[in-house]
Amino acid sequence: MSKSEAKEATIRQLYTELNKHCSSAEYDKALKAANKIIGLDASEWKAAKCKLVCLIQTGKFEEVLKFLDRGTTIPDTTFEKAYSEYRLNRAEEAFRTIQSATGGGSEQWATLNPNLKELLAQILYRLERFDECFELYRGIIKNTHDDYDDERRTNMSAVAANRCIVGGASGSEQQLAAGLPEDTYELTYNAACALAGRQQYGEAERKLRTSEKMCRDSLEEDGATEEDIIDEITIIKVQLAYCLQMQGRVKEASALYADALRHKTNDAALTAVVSNNLVVINRDQNVFDSKKKMKVATSEQAEQKLTSRQRKAIAFNNCLLAYFASPVECGLLASRLGNAHPDLEFQSLLVRVSQLARDKKHREAVELLEGYAQRLPRDHTIELLQVRFAIVQLQLVAGNRKAAIESLESLGEARYQPGVVSALVTLHLGLDNKQAASEILKSAVDWYKRQKSASISDADLSDMWRQAASFHLRGGEPETAAKSLEELLRTHPSDMKLLAQLVIAYAQFDPKRAQQASKRLPTLETLTTVSEIDALEATNWMMIAKAVRRKQGTTGTGGRTGDQSPGAGTPSAEQQAARKQKRKKRKGKLPKNYIIGVQPDPERWLPRYERTGYRKKRDRRVKEVIKGSQGTASGQADQFDMSKAYNQTKNSPATPGASGSGGVSQLEQIAAAAAATRQLPRKSQHKKKKGKH
């Protein structure tokens, strides 16, 4: 046998071995057989293809890319290369690999084979290009029918849910997503996520509980273990906890989050989301525990699995946590947040400004905000207003009201917004400058008369008109008040209270107009009727409740009182006189053992231990104090104790009744001694027995 024939026989034998190992899913052994074939003949592209499959099945994606970079004879390796890049979290590279194979944009995706379409849809989902992903899945589901239809519908519902979360889905597309069947727990779960994205948390909660029950029933039918069931249900419970948290049911949410962490799931993204949400619940409490959880949420393994929206929220929460936990780290994290997420630059700036304000560095904080405002384009009016309001807040915290007024007055036409007008009036009144507050209200009224703002309706301005009219009426400016009342009457023509106030204002400077306006007021006859007067006379609002009940009587559910006429409840004069005669005077209470004609004891109401003749019983448990030898009085013992006499002479001032700059009087000494005695710690005393005085 020649060498070529022996080589071919060996290759055939190796292919047989390769086929056997691939059929039995022994990919390591199959990889060795494929390497032997390639070693014998590098042009065997089928063996090379099998090698790629074996490397992918064993998770050796880096080796796949290295093998492809060396060059092979395999006709098409787009799928294997893109899939390996996708599994290595290189979604952008995987997308470019597929795009280079099509030679064009999204219009060429229809020419891709089904496997590449499925992979491209997954890559677009990872890149968060949900609109393109949704359309691609619609085409795949329409043109493909096999055993994986349920998985494709599940993926499509997940894309639709994320579109609702980011707000990219139109109304018709939301209805299309809502029309997807919910016959599996995955589809029900995705439908609940879509509702949560539209902030319908109550309905989302109900669907999540249904999904949890469906999941348990389905897995139990398949014979799954309890551990596998809990592992699958955990993600549903975490989403349920989020919905509860957004509804304000924090305790229930915390319990579900704690259960999820206790289970120790292998899903790094899920653990990161749970840890972040618990940090939000803790706020500025349990900072040490929050720091540990935030370390888990910001791990590299978790960030690879999270969406950009989730990473952004976690980064911002980490910055806020540093504000409470580590002031030094707070500024660094805020700077990183602004650089990594340009759309959060203002929020990160507010964190830094808050840190400076807490350190009493208000001037530096204001300068930081002023610099940011100068960099903003002039068409970003909302952001400019937010910056100005933040500056005003800092100036008020620093106690600089005049600077706050100047900042608000520099807002241009925005100064006429009702909230700004209210703030300016309040600040001027705080400085006791009523004239300036009046001018602010006048200018606001004139500005709204000259032009109508489309963003503010008349209903929104009603409160400002009322406040302006009331302020000017109290301040003695009826003409200005009348202007505000006229504007109010234009939008509320049937409000008679406003008309009455306008008449009062007119009466102070134009009696003719007041008389003319008063004709529009309703007459007295229309305000009060005879029936109303009779009802007022018949009511018992002047009597106490007990007298009313006694007079009206009580009835059962089917009974009636004797007289139902309006005046039946009022007693006549004869009845009142008879009742007075029947009343008996109560006798006053007398002490026990009272003897008529004898003066009662004046101390009868005093406690026994405060009476004159009270003698305290001796407690045998207390040792007697030695008072000297037998027959000697205690007062005499102090009198003849020369050490005490010497100390008293030494400590007494030269002039007992006078108090100089450095001395105190005798009365002050006694008071000081009494005060010092009260401040000393009391010794343990025996408690008095109950019932004894």
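The expected span of a helix is 1.5 Å times one less than its number of residues. This rule is applied in the first legend below, and every view is drawn from a predicted model.

Figure 1. Helix α22 covers residues 381-397, which makes 17 residues. Within α22 the buried residues are Leu384, Val387, Ala390, Ile391, Val392, Leu394 and Gln395. The elements that cover these buried residues include α20 (345-358), α21 (362-375) and α23 (401-409). Just after α22, Gly399 adopts a positive phi of about 85 degrees.

**Figure 2. The whole protein as context for the close-up views.** The secondary structure consists of 36 helices and zero strands. Of the 693 residues in the protein, 30% are buried. When contacts between residues at least 6 apart in sequence are considered, 47% of them join residues at least 24 apart.

**Figure 3. The largest nonpolar core.** This core contains 29 residues, and those with the most contacts inside it are Leu208, Cys215, Ile236, Val238, Cys243, Tyr257 and Val274. Two or more residues each are given to this core by α9 (149-166), α11 (185-197), α12 (201-221), α13 (226-246), α14 (250-263) and α15 (268-282). Helix α13 supplies the largest share, eight residues. Ile236 touches Tyr185, Tyr189, Leu208, Ser211, Glu212 and Cys215, when residues up to four places away in sequence are not counted. A second, separate core has 24 residues, among them Ala91, Ala121, Leu127 and Tyr137.

**Figure 4. Asn282 in helix α15.** Asn282 lies in helix α15. This residue is buried, because its relative accessible area is 15%, and the limit for burial is under 20%. With neighbours within four places in sequence left aside, Asn282 is in contact with Asp289 and Ser290.

**Figure 5. Cysteines without disulfides.** A disulfide is a covalent bond between the sulfur atoms of two cysteines. A search of the whole structure finds zero disulfides. The cysteine sulfur closest to that of Cys50 belongs to Cys22 and is 5.1 Å away, which is too far for a bond. Cys50 counts as partly exposed, at 24% relative accessibility. Cys330 is likewise in no disulfide, and its nearest cysteine sulfur, that of Cys319, is 4.9 Å away. Cys330 is buried, with a relative accessible area of 0%.

Figure 6. A pair of aromatic rings is described by the distance of the centres and the angle of the planes. The structure holds seven aromatic pairs. One of them joins Tyr125 and Phe130 in an edge-to-face arrangement, with 5.7 Å from centre to centre and 70 degrees between the planes. In this pair Tyr125 is partly exposed at 31% relative accessibility, whereas Phe130 is buried with a relative accessible area of 7%. Tyr323 and Phe324 also form an edge-to-face pair, at 5.2 Å centre to centre and with 75 degrees between the planes. Here Tyr323 counts as buried at 19% relative accessibility, while Phe324 is partly exposed, with a relative accessible area of 41%. Phe61, Phe79 and Tyr83 form one aromatic cluster.

**Figure 7. Arginine charges over aromatic rings.** The ring of Phe95 has the charged end of Arg129 over it, 4.5 Å from the ring centre. The charged end of Arg163 sits over the ring of Phe134, 4.8 Å from the centre of that ring.

**Figure 8. Positive phi values at two loop residues.** Glu128 is found in the loop between α7 (114-126) and α8 (130-143). Its phi is near 65 degrees, a positive value in a residue other than glycine. Glu128 is partly exposed, with a relative accessible area of 25%. Lys360 lies in the loop between α20 and α21. The phi of Lys360 is near 65 degrees, again a positive value in a residue other than glycine. Lys360 counts as exposed, at 66% relative accessibility.

How values were computed:
Residues are numbered from 1 along each chain as its sequence is written. This is a predicted model: local features need pLDDT of at least 70, side-chain atom pairs count only at pLDDT 80 or more; totals for chains, interfaces and linings use all residues. Side-chain values use heavy atoms; hydrogens and water are left out. A nonpolar core is a set of buried Ala, Val, Leu, Ile, Met, Phe, Trp, Tyr and Cys residues joined through side-chain atoms within 4.5 Å. Buried means under 20% relative accessible area, exposed over 50%, partly exposed in between (1.4 Å probe, protein chains only). Helices (H or I, at least four residues) and strands (E, at least two) are DSSP runs, numbered from the N terminus. Contact means heavy atoms within 4.5 Å. A disulfide is a pair of cysteine sulfur atoms within 2.5 Å. Rings of Phe, Tyr and Trp (its six-membered ring) pair if their centres lie within 6.5 Å; planes under 30 degrees apart count as stacked, over 60 as edge-to-face and the rest as tilted. A charge sits over a ring if NZ of Lys or CZ of Arg is within 6 Å of the ring centre and within 35 degrees of the ring normal.
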